[in-house]
Amino acid sequence: MFVARSIAADHRDLIHDVSFDFHGRRMATCSSDQSVKVWDKSENGDWHCTASWKTHSGSVWRVTWAHPEFGQVLASCSFDRTAAVWEEIVGESNDKLRGQSHWVKRTTLVDSRTSVTDVKFAPKHMGLMLATCSADGVVRIYEAPDVMNLSQWSLQHEISCKLSCSCISWNPSSSRAHSPMIAVGSDDNSPNILAKVQIYEYNENTRKYAKAEALMTVTDPVHDIAFAPNLGRSFHILAVATKDVRIFTLKPLRKELTSSGGLTKFEIHIVAQFDNHNSQVWRVSWNITGTVLASSGDDGCVRLWKANYMDNWKCTGILKGNGSPVNGSSQQGIFNASLGSANTSLQNSLNGSSASRYFFPPLDSPRAGSRWSSHAQLLPPPPLIEQSCDADAANLQYPHPRRRCVSRPLNLLPENEGV
Amino acid sequence: SVSTQDPALHGQYSTQVSILSAMELIWNLCEILFVEAAAAGPLLLRLLDWVRLHVCDVDSMVREVLGSENPSKHKLFWNVVDIFVLQGRMDEARHLLSKEATANPTSMNMYKILDDLMKKMPVPTLGNTQTLTELELKWQHWHEECQRYLQDGTFASNPHMESICKILLGDEDAILEKKELMTTWYHFLVTRLLYSHPTVKPMELRFYAQSSMDLFLGGESSPEPLDMILMAAFEFEMHQVIKECSIVLSNWWFVAHLTDLLDHCKLLQSHNLYFGSNMREFLLLEYASGLFSHHSLWQLGVDYFDHCPEYGRVYLELHIERIPLSTEQKALKVLRICEQRQMHEQVRSVCKIMAMKALRNNRLGSALSWSIRAKDAAFATLISDRFLKDYCERGCFSDLDLIDNLGPSMLLSDRLTFLGKYREFHRLYGEKRFPEAARLLLTLMTAHIAPCSFWMTLLTDALPLLEQKEIIFSAEQTYELMRCLEDLTAGNPDKQKFQEDDVETTKVEMLRLALARNLARVIVKEGTVEGS
C-alpha cells in the first residue's frame with residue numbers, strides 16, 4: 001500500500017527527470033522549461049522548493065546528484081548539446097531564513113555536437129567522475145582530478161557507440177574483482193536488429209574502455225537502463241526499460257576462457273521480462289539493496305518488481321500516476337469480515353487493503369510533476385505484500401495443492417510470469 | 001484503546017488490538033503444536049488452555065452471573081455452566097451446579113449423579129502417572145457409565161442437565177447447539193476432542209480440524225484468512241502457515257519472528273525443504289530493511305541484520321550509509337555502529353560527508369575533527385591549509401581549542417602537524433616562553449615540517465623575537481635563520497616577484513637587518529667570558 005503525495009512542481013513545461021540525492025532528503029527536477037529545481041524535505045515530510053534556476057538553453061533531459069562526499073553537486077544535460085556541473089553555495093543568512101539556496105555553475109561540458117541525453121556520476125570509489133551520452137552515439141567520460149576544484153574537468157574517454165544513445169548506467173560495484181563498467185542504451189528507431197544495449201568495460205592494460213558485450217536480444221529502442229547495487233554477488237544485474245521491463249544477469253566468464261586480452265566476456269541470462277505496462281517503459285530504478293526494481297510506463301503506472309528467495313521475479317505493487325491504488329480495493333470484502341459473531345474479541349481484521357493498518361508509518365514516496373516524470377527512484381520501501389497485484393507476493397513458492405475452502409484462488413498465480 | 005475518545009483513532013486502535021490478538025492466537029498455537037510439539041495426552045490439555053485463554057468472550061457473562069445475588073436464578077446461569085463444561089472447566093461448573101442444587105432440592109438426585117460423573121471424568125495428566133492406554137480404558141468405562149445414565153432417562157426432567165450429559169458423551173449435535181457460546185470452530189474442535197478423543201495424537205488433528213470447521217460453519221459462511229492459517233497449523237503445514245500469514249499481514253514483523261523461532265527449533269529444515277534457513281534470513285532481511293525507513297527504528301534493524309549470517313552485513317552496510325546525517329548526534333550514532341562492526345569504509349564515508357558539510361559551511365574546526373576521525377590525511381591537509389590561509393589573512397586562529405588538543409592525531413598529515421606545532425609556537429610566545437618558542441620556530445623550518453610557502457610568515461614571526469631586549473636566538477640559531485632566509489629568496493626563481501612587491505622586499509630587508517643585529521649582539525654575548 002502506498003501513500004501518494006502530490007507536489008505542485010510549477011515547472012512551465014514537461015518534467016523529464018526526477019532525481020533523489022543519496023539520503024533521499026533532497027530532490028532535483030528538470031524540465032523542458034530549461035530550468036532545474038531543487039527540493040528539500042522538511043522535518044514534517046513536506047517538500048519545499050529551495051532553488052529554481054535556468055540551466056540550459058534547451059530542454060533539460062536529465063539531472064543527477066553526486067555522492068555527498070563531494071559536497072552538494074548536481075549535473076544536468078540538455079538538448080542544447082551541453083552538460084553542466086553545479087555546486088550549491090552556502091548563502092547569506094537571509095537566504096537561509098527564506099529557505100533558499102544558490103547553485104552556481106562550475107563547468108560546462110561542450111564536447112558534444114548533438115543533444116546530450118544522459119549524465120551520470122560514476123561510483124564514488126572511482127573519484128569524481130561522470131559520463132555523458134549523446135544522440136550522435138558518443139559516450140564521454142570526464143574526471144575532476146581535484147575534488148575541491150569543480151571547475152576543472154578533463155575529458156578522459158570518448159566511446160563511440162555507433163547508435164544514438166539514450167541512457168547510461170555505471171555499475172555501482174566497488175569490488176576489486178570488477179573493473180569499472182558502464183552500460184549504454186540506445187533508442188535508435190531505424191528498423192534494424194542491432195543490439196540496443198552495450199556494455200563497456202575499462203581495461204587496465206590498455207587504459208581504455210572497450211566493448212565487452214552487447215545484448216543481442218534487446219532490439220527495440222531502450223529508454224532507460226540501470227545496474228543493480230551489488231550485494232557481493234559475483235555476477236551483475238541489469239534492468240532495461242524498453243517496450244517492456246527486462247532484467248538480465250551478467251556472469252563474468254573466467255579470464256582464461258576469453259579470447260581478447262584482458263577483457264571479460266559475460267554469460268548473459270534474462271531472468272525476467274514483464275509487459276504488464278502494455279506500453280513503452282520509460283524508467284527503471286533499483287532500491288538500495290538491488291532487491292526491488294521500480295518501473296514506470298506509458299500506462300501511467302509505476303510497478304514494483306521483487307524476487308522471492310527462490311529468485312523468481314514477481315510484481316509486488318502497482319501505483320497509478322495519480323496515486324490511486326490499482327485493483328486491490330475491490331477485494332476488500334473478502335478479507336474484511338469479522339470472524340464469527342460481533343462480540344468475538346478475535347475480530348479478524350487482517351485486511352490487506354486498508355491503509356490504516358501499518359505497524360510503521362507509511363513511507364512517503366512522492367511522485368513529482370507530470371506523468372512524464374513518473375520516474376520511480378527508490379528509497380528503501382517497507383516490504384509490502386500487495387493483493388492488488390496478480391502475483392504471489394508472499395515469496396513462498398510452496399507448491400501446495402489448495403484446499404477446497406480457499407477464499408482466494410491463489411493457485412491461479414501466474415507462476416510462470418516472467419521466467 | 002478503550003480510553004480514546006476520538007472515534008477514528010478508536011477504530012484504528014481496536015483494529016490494531018484485534019490484529020495483535022489474532023497474532024497471539026496463531027503464535028500460541030504454533031508454540032503448542034510445533035515448538036513444544038505436545039504429544040497425545042498433554043496435547044489436549046494445552047489446547048484447552050489455548051481455547052480458554054483466547055476465546056474469552058464469555059468472561060463478562062461469567063462475571064455477571066457470579067456477581068449477581070442469586071446466580072442460579074440468573075437468566076444466563078445455564079449459559080455459564082455450559083461454557084464451563086465446553087471448556088472442560090469441571091470444578092467451576094460443578095461449583096455453579098451446586099448452587100442450583102441448593103436452590104432446587106427436587107433436582108438434588110440428578111445433580112448428585114451429574115456432579116459425580118463430572119468429578120470422575122478421566123482427563124490426561126501432565127507427568128507420567130498414567131499411560132495413554134490406561135487413560136483410554138478408564139475413559140471408556142466412564143463413557144459407558146454416562147451413556148447408561150442418559151439412556152435410563154435420569155436427566156429427562158431437566159433439559160439443561162440432560163444436554164450437559166450429552167455433551168459429556170461427546171454428542172456432536174448437542175455440542176453444536178452451543179455454537180453461540182463457543183463462537184469459533186476451533187473452540188468446537190477442542191470441545192469435541194475433549195469429549196470424544198481426549199488422547200488425540202498430533203497427526204490426527206488435521207482430520208478433526210477439517211471436519212470441525214465444516215460442521216461449525218455448516219456451509220453458511222466461508223472460512224477467513226485466520227481460519228486458513230489455523231487450519232494449516234493443525235495440519236502441521238508450517239510453510240503454509242508462514243505463507244498465509246505473509247499474504248494477509250501488512251508487514252513482516254510477525255512472519256519474520258515466527259519463522260525465526262521455527263528455524264531455531266530446527267523445524268523448518270526437518271520439513272524437507274532445504275531452503276529452510278534461507279527463508280528465515282530472507283524474511284529477517286525484509287523486516288529489518290523495512291525498519292530502516294523509519295527515522296528512529298532503524299537502530300533496531302541493525303540488530304536484526306547482525307543475526308543474518310549470510311547477507312546481514314552487506315545489507316547493513318548498504319542501508320546504514322543512507323541514513324540521513326541530519327544532526328551530529330545521528331552521525332555519531334551511525335559511526336559508533338559502524339566502528340563496532342569494523343565497517344571501515346562506511347566510517348570513512350560518514351566522516352567525509354560530515355567534514356564536507358562542515359567545510360562548506362566554513363566550520364573549519366568541525367571539518368578538521370571529522371577528517372581526523374576519518375583518518376583522511378588528504379582532507380586534513382586541505383583543511384589545515386585553510387586554517388593557515390585564514391591565519392595569514394586575519395592574523396588569528398579559529399577553533400583554537402581543537403588545534404590545541406590535537407594530541408597524537410596531529411600526526412595524521414604533515415600539514416596538520418605543522419598546524420598544531422605552529423599553534424604551539426604561538427602559545428609559547430603568548431606565555432612568554434621565548435627560548436622554547438624560538439627553538440620550535442626554527443625546528444619547524446629546519447625539520448621541514450613547515451611548507452615552503454609558509455616560511456616567510458614564520459620568519460616574520462621571528463622578527464619580534466629578534467627584537468626583544470633579551471637575546472633569544474643563539475648564534476647558531478641565527479645562522480640557521482639566515483640560511484633559511486637565503487634559501488627562501490634564492491630558491492625563488494622569480495626574483496622579480498620579490499623586487500616588484502614592495503611589502504615583500506621591505507620584509508626581507510627588515511629580516512636581514514634584524515638577523516644581522518641579533519648576530520652582532522649574540523656574538524658579543526657568547527664571546528664574553530663570565531666575570532671578566
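Seven nonpolar, twelve polar and eleven charged residues make up the lining of the second largest pocket. The model is predicted. This pocket has a volume of about 890 Å³. Its lining counts 30 residues. Those nearest the pocket centre are A:R26, A:D40, A:E88, B:K357 and B:R360.

Next, the elements behind that lining. Chain A gives two or more residues from each of β3 (35-41), β4 (47-54), β7 (83-89) and α1 (93-98). The top contributor to the lining is α21(B), with four residues.

Now turn to chain B as a whole. Its secondary structure comes to 30 helices and zero strands. The radius of gyration of chain B is 44 Å. For 532 residues the globule rule gives 24 Å, and the value for chain B is well over that, so the chain is more spread out than a compact globule. Along the principal axes, the C-alpha atoms of chain B fill a box of roughly 145 × 55 × 50 Å.

One helix pair in chain B deserves a look. Two packed helices are described by the angle between their axes and the distance between the axes. Here the pair is α4 (residues 77-86) and α11 (residues 185-196), both of chain B. Their axes come within 9 Å and cross at roughly 70°. Angles of 65 to 115 degrees count as roughly perpendicular, so α4(B) is roughly perpendicular to α11(B). On the α4(B) side, B:I83, B:V85 and B:L86 make the contact. From α11(B) come B:H187, B:T191, B:L194 and B:Y195. By class, this contact has five nonpolar and two polar residues, and no charged ones.

Technical notes. Residues are numbered from 1 along each chain as its sequence is written. Chains are lettered from A and ligands numbered from 1 in the order in which they are written. This is a predicted model: local features need pLDDT of at least 70, side-chain atom pairs count only at pLDDT 80 or more; totals for chains, interfaces and linings use all residues. Side-chain values use heavy atoms; hydrogens and water are left out. On a 1 Å grid over the protein atoms alone, a cavity is a set of points where a 1.4 Å probe fits but cannot get out, and a pocket is an open set with protein on both sides within 12 Å along at least five of seven lines; lining residues have an atom within 4 Å of a point. Grid points are joined across faces, edges and corners, and a volume is the space filled by probe spheres set on the points. Ala, Val, Leu, Ile, Met, Phe, Trp, Tyr, Cys and Pro count as nonpolar, Asp, Glu, Lys and Arg as charged, and the others, Gly among them, as polar. Axes are lines fitted to C-alpha atoms, for helices over the stretch in contact, and angles run from 0 to 180 degrees between N-to-C directions. Angles under 35 degrees count as roughly parallel, over 145 as roughly antiparallel, 65 to 115 as roughly perpendicular and the rest as oblique. Contact means heavy atoms within 4.5 Å. The radius of gyration is taken over C-alpha atoms; the globule rule is 2.2 Å times the number of residues to the power 0.38.
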